[in-house]
Amino acid sequence: MNHIELRALDDDDLDAIFEMMRDREAIEMAAFTAQDPDDRTAFDAWMARHRADPDVQSFVVTENGGFAGTIAAFTVDGDREVTYWIARHAWGRGVATAALRLLISREPIRPLFARAAAHNTGSIAVLTRVGFTEVSRNVDFAPGLGREIEEIVFTLPPTLDGA
C-alpha cells in the first residue's frame, strides 16, 4: 500500500506543479483549466494569488514521499469547495481518493462542494467513493478543451453529528 500524505506547498514545488498542469491528457480530463497552460507568467501570478489568500488551503500530495499532485479547499460565492490535480504517473492507484479523504478530515466546513467534467469518470469515482453526491449539472466553457461541456456539481453534506 502506498503512503499518501498532504504537506504544505512551497516554492520548490512550483516547477513540478506547472509541468503537471501542462500534461495534455490531464488537461483534457480536467477541462476547466488555464486558458494557456504553457504560460508560466500567468501560472506564477495565479499561484501567488492563491498562496496569498488565507481562505485557500493548498497542499502538495505525496506518494511514498514523492510529488504526486496538489489538493486544495477554497470558498467561491460563500460555498466551500475542494479541488485536486493528481499527476498522471499516480493515476489509478488510489492516490486521489486517499488525498481527498485526508483533506476532508482537516476541513471542518460542511457542506463541501466539488466539480468535475462529466466525461472525467476517474474524478467522479473518487468523489463518490468518499461520500460526495451529485446535486446539479450545467454546461460551461472549458478552456482546456476550447468548447462548452457538461460539468457536474457534487456535495458532501454534514453528517448527523454535525461534522
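Rings of Phe, Tyr and Trp (for Trp, its six-membered ring) pair if their centres lie within 6.5 Å; planes under 30 degrees apart count as stacked, over 60 as edge-to-face and the rest as tilted. By this rule, the count comes to 2 aromatic pairs.

This is a predicted model, where local features need pLDDT of at least 70 and side-chain atom pairs count only at pLDDT 80 or more, while totals for chains, interfaces and linings use all residues. Residues are numbered from 1 along each chain as its sequence is written, and side-chain values use heavy atoms, with hydrogens and water left out.

**View 1. Ring pairs link Phe18, Phe43 and Trp46 into a cluster.** Start with Phe18 and Phe43, a tilted aromatic pair at 5.1 Å centre to centre, with 55° between the planes. This pair links distant parts of the chain: Phe18 belongs to helix 1 (residues 14-20) and Phe43 to helix 3 (residues 40-52), 25 residues apart. Helices (H or I, at least four residues) and strands (E, at least two) are DSSP runs, numbered from the N terminus. Phe43 also forms a tilted pair with Trp46, at 6.2 Å centre to centre and 45° between the planes. Both of these residues, Phe43 and Trp46, sit in helix 3, 3 residues apart, or about one turn of the helix.

**View 2. How covered are Phe18, Phe43 and Trp46?** Buried means under 20% relative accessible area, exposed over 50%, and partly exposed in between (1.4 Å probe, protein chains only). Phe18 has 7% relative accessibility, so it counts as buried. Phe43 is buried too, because its relative accessibility is 8%. Trp46 comes out at 32%, so it counts as partly exposed.

**View 3. Arginines sit over the rings of Phe18 and Phe59.** A charge sits over a ring if NZ of Lys or CZ of Arg is within 6 Å of the ring centre and within 35 degrees of the ring normal. Arg40 lies over the face of Phe18, 4.9 Å from the ring centre. Over at Phe59, the charged end of Arg106 sits 5.1 Å from the centre of the ring.

**View 4. Strand 4 pairs with strand 3 and with strand 5.** Two strands pair if DSSP finds at least two bridges between them. Strand 3 (residues 66-76) runs antiparallel to strand 4, over 8 bridges, and Ala73 stands opposite Val82 in strand 4. Strands 3 and 4 make a hairpin with 2 residues between them, and Asp77 in the turn has a positive phi of about 50°. With strand 5 (residues 112-117), strand 4 pairs in the parallel sense over 2 bridges. Strand 4 (residues 79-86) is mostly covered, with 6 of its 8 residues buried.

**View 5. Some backbone spots to look for: Ala31, Asn64 and Pro111.** Most residues other than glycine have a negative phi, and most peptide bonds are trans. Ala31 is not a glycine, yet its phi is positive, about 70°. Look for Ala31 in the loop between helix 2 (24-30) and helix 3; with 0% relative accessibility, it counts as buried. Asn64, another residue other than glycine, has a positive phi near 50°, and its place is in the loop between strand 2 (57-63) and strand 3. Last up is the peptide bond from Arg110 to Pro111, which is cis, with omega near 0°. You'll find Pro111 in the loop between helix 4 and strand 5.
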